Amino acid sequence: MQIDMDLVREILLKIEAAPPTKNLITLTDEFQGFSEMAKISEHLYILGEGQAGFLEIKEGYRRNGKIIYHAERLTWSGHQFLADIKSESRWKIVKKKIEEIGGASLPVWQQMAAQIGAGLIENALKKG
């Protein structure tokens, strides 16, 4: 399965927006343009502590032989990455730059997003 970075961003945004008492995301929740339960569950697993480390996840139930995962909350790393890609305009810049280099791993996405954010801050400070 290929990682869908738009789905990654959507998951992180949805978890951040949830009230503190109800951070759990279930696969019955709505995701813009994403309806495949297995794909969403696999992304939750990949974003979890044992992989990317962006989410605290719980193993849920089994459906058709597959384990379904539930997200509870963002980790510190998840908050940091989301801060760098939260703005729609910054997200478009990051995606465009990654496309220009022919794709990238998640750590490169993180580095690119952080560098673009740092560059935008530097430009804003220069304008004073």
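In this predicted model, F54 and F81 are both buried. Two aromatic pairs are counted in the structure. One of them joins F54 to F81 in a stacked arrangement, with 5.1 Å from centre to centre and 20° between the planes. This pair connects distant parts of the chain, 27 residues apart: F54 belongs to the loop between α2 and β1, and F81 to helix α3.

F81 is also among the residues with the most contacts inside the largest nonpolar core, together with L12, L55 and W109; this core comprises 26 residues.

| Element | Residue range |
|---|---|
| α1 | residues 5–17 |
| α2 | residues 37–47 |
| β1 | residues 55–63 |
| β2 | residues 66–74 |
| α3 | residues 76–85 |
| α4 | residues 88–100 |
| α5 | residues 106–127 |

The most residues come from α1, which gives six to this core.

Beyond residues up to four places away in sequence, W109 touches M5, F81, W91, V94, K95, I98 and A104.

Helix packing is illustrated by α1 and α2. The axes of these two helices come within 10 Å and cross at roughly 75°. An angle from 65 to 115 degrees counts as roughly perpendicular, and α1 and α2 are therefore roughly perpendicular to each other. On the α1 side, the contact is formed by L7, V8 and I11, and on the α2 side by K39, I40, H43, L44 and L47.

Conventions. Residues numbered from 1 in each chain as written. Predicted model: local features only at pLDDT ≥ 70, side-chain atom pairs only at ≥ 80, totals over all residues. Heavy atoms only, no water. Core = buried A, V, L, I, M, F, W, Y, C linked by side-chain atoms within 4.5 Å. Buried < 20%, exposed > 50% of the residue type's maximum accessible area, 1.4 Å probe, protein only. Helix = DSSP H or I, 4+ residues; strand = E, 2+ residues; numbered from the N terminus. Contact = heavy atoms within 4.5 Å. Phe/Tyr/Trp six-rings, centres within 6.5 Å; stacked < 30°, edge-to-face > 60°. Axes fitted to C-alpha atoms, helices over the stretch in contact; angles between N-to-C directions. Parallel < 35°, antiparallel > 145°, perpendicular 65-115°, else oblique.
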